[in-house]
Amino acid sequence: MSNPATVPTPLQDVQGDGRWNSMHARFLRQAKDSSCQILFVGDSLIRNMEETEEWDELFKPLRSLNFGIGGDCTEHVLWRMQNGELDALSPKVVVLLVGTNNHHSTADQIVEGIEAIVWTINEKLPSSKILVLGLLPRGEKPNPLREKHFQVNHSLSEIVTAIPHAQYYDADPGFVKGDGLIDHTDMFDYLHLTRKGYRKFTRKVYEIVNKLLKYN
C-alpha cells in the first residue's frame, strides 16, 4: 500500500485563485536569478520567517531564499523539489521544516515523506548540507498531534543521520511550559508563531546554520 506522504503531488487549487502554482513559478524565477547560500523549504512556519525582523537581520545578509508555502504537506514539498525549484541553485545549506499539515498521515508516514524529500535534495544538491528541523509542538494543551510530532521527531533523529550531508536538529526553544501548556504570546493560534515566538525559534536556527556555513 502506497504512502500518500511520499507521492509527489501538486496542491489542488480548491479555492480557484492559483496561488500555489504562482508561488511555485515565482520560486523558479528566483532560483534562476539567485546565488543563495541558504535555502529554506517547508510550509507556513518557514514561509512566515521571511516577514520577521530576524530574517532581515540574520538570514538576508547570508543570501537566503525562502521557498515555504502555507498549507504544504510532505507530498507537496516533494513535488516542488522534483519539479525545478532546486535545479538552478547550489546553496551551501538547505533548511527543511514540513509535516505539521499531514493530518491524514501517521507518524511513520510523515517520517517517510520527510525522508523522501531529504533524499531528493541530496540527489539534486549533492554538495549541500541539509538541516532537517524537528516538528514544533502545537495546541494549547497536550493533544494527540503533539504526541505524533514527538514520535516523528524521535524517528527523524535516527533516520536522518543515515543520509549523506544531512542532520536533524530540534529548534524548539521550549514552547511547552512545565504545566504542559503553550502560551499564546509564543503561538497566537497555538500553531503559528508570534514575533516573540519567532525571535526564540529563528535564533536557534541561526546558531546551527551559522556553524554549518563555517564548516562547509
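**Close-up views of the predicted model**

**View 1. Pro10 is found in the segment before H1.** Helices here are DSSP runs of H or I with at least four residues, strands are runs of E with at least two, and both are numbered from the N terminus. This is a predicted model, so local features need pLDDT of at least 70, side-chain atom pairs count only at pLDDT 80 or more, and totals for chains, interfaces and linings use all residues. Residues are numbered from 1 along each chain as its sequence is written, and side-chain values use heavy atoms, with hydrogens and water left out. Pro10 is partly exposed, at 37% relative accessibility (buried is under 20% relative accessible area, exposed is over 50%, partly exposed is in between; 1.4 Å probe, protein chains only). Setting aside residues up to four places away in sequence, Pro10 touches Trp20, His76 and Trp79 (contact means heavy atoms within 4.5 Å).

**View 2. The largest pocket holds about 270 Å³ of space.** It is lined by 14 residues, and Leu11, Gln15, Arg19, Trp20 and Gly70 are the closest to its centre. On a 1 Å grid over the protein atoms alone, a pocket is an open set of points with protein on both sides within 12 Å along at least five of seven lines, whereas a cavity is a set where a 1.4 Å probe fits but cannot get out; lining residues have an atom within 4 Å of a point. Points are joined across faces, edges and corners, and the volume is the space filled by probe spheres set on them. Helix H1 (residues 19–32) gives the most to this lining, with 3 residues. Sorted by class, the lining has 5 nonpolar, 5 polar and 4 charged residues (Ala, Val, Leu, Ile, Met, Phe, Trp, Tyr, Cys and Pro are nonpolar; Asp, Glu, Lys and Arg are charged; the others, Gly among them, are polar).

**View 3. Asn66 is in strand E2 (residues 64–68).** Asn66 counts as buried because its relative accessibility is 2%. Beyond four places in sequence, Asn66 touches Phe27, Phe40, Ile46, Arg47, Met49, Glu50 and Trp55. From Asn66 to Ile110, 44 residues apart along the chain, the C-alpha separation is 22 Å.

**View 4. Gln37 lies in the loop between H1 and strand E1 (38–42).** With a relative accessible area of 14%, Gln37 is buried. Neighbours within four places aside, Gln37 is in contact with Leu62, Arg63, Pro91, Lys92, Val93 and Leu213. Arg63 is in the loop between helix H3 (53–59) and E2. Arg63 has a phi near 60 degrees, a positive value in a residue other than glycine, and is partly exposed at 44%.

**View 5. Tyr190 has a positive phi of about 65 degrees, though it is not a glycine.** Look for Tyr190 in the loop between strand E5 (166–169) and helix H7 (195–214). At 23% relative accessibility, Tyr190 is partly exposed. UniProt puts "domain: SGNH hydrolase-type esterase" (unreviewed entry) at residues 40–199; its positions follow the numbering used here, feature names are shortened, and annotations may be inferred rather than shown by experiment. Residues 40–199 are 37% helix and 14% strand, with end C-alpha atoms 17 Å apart.

**View 6. Cys36 is buried, with a relative accessible area of 7%.** Cys73 is buried too, with a relative accessible area of 7%. The structure holds 0 disulfides (a disulfide is a pair of cysteine sulfur atoms within 2.5 Å).
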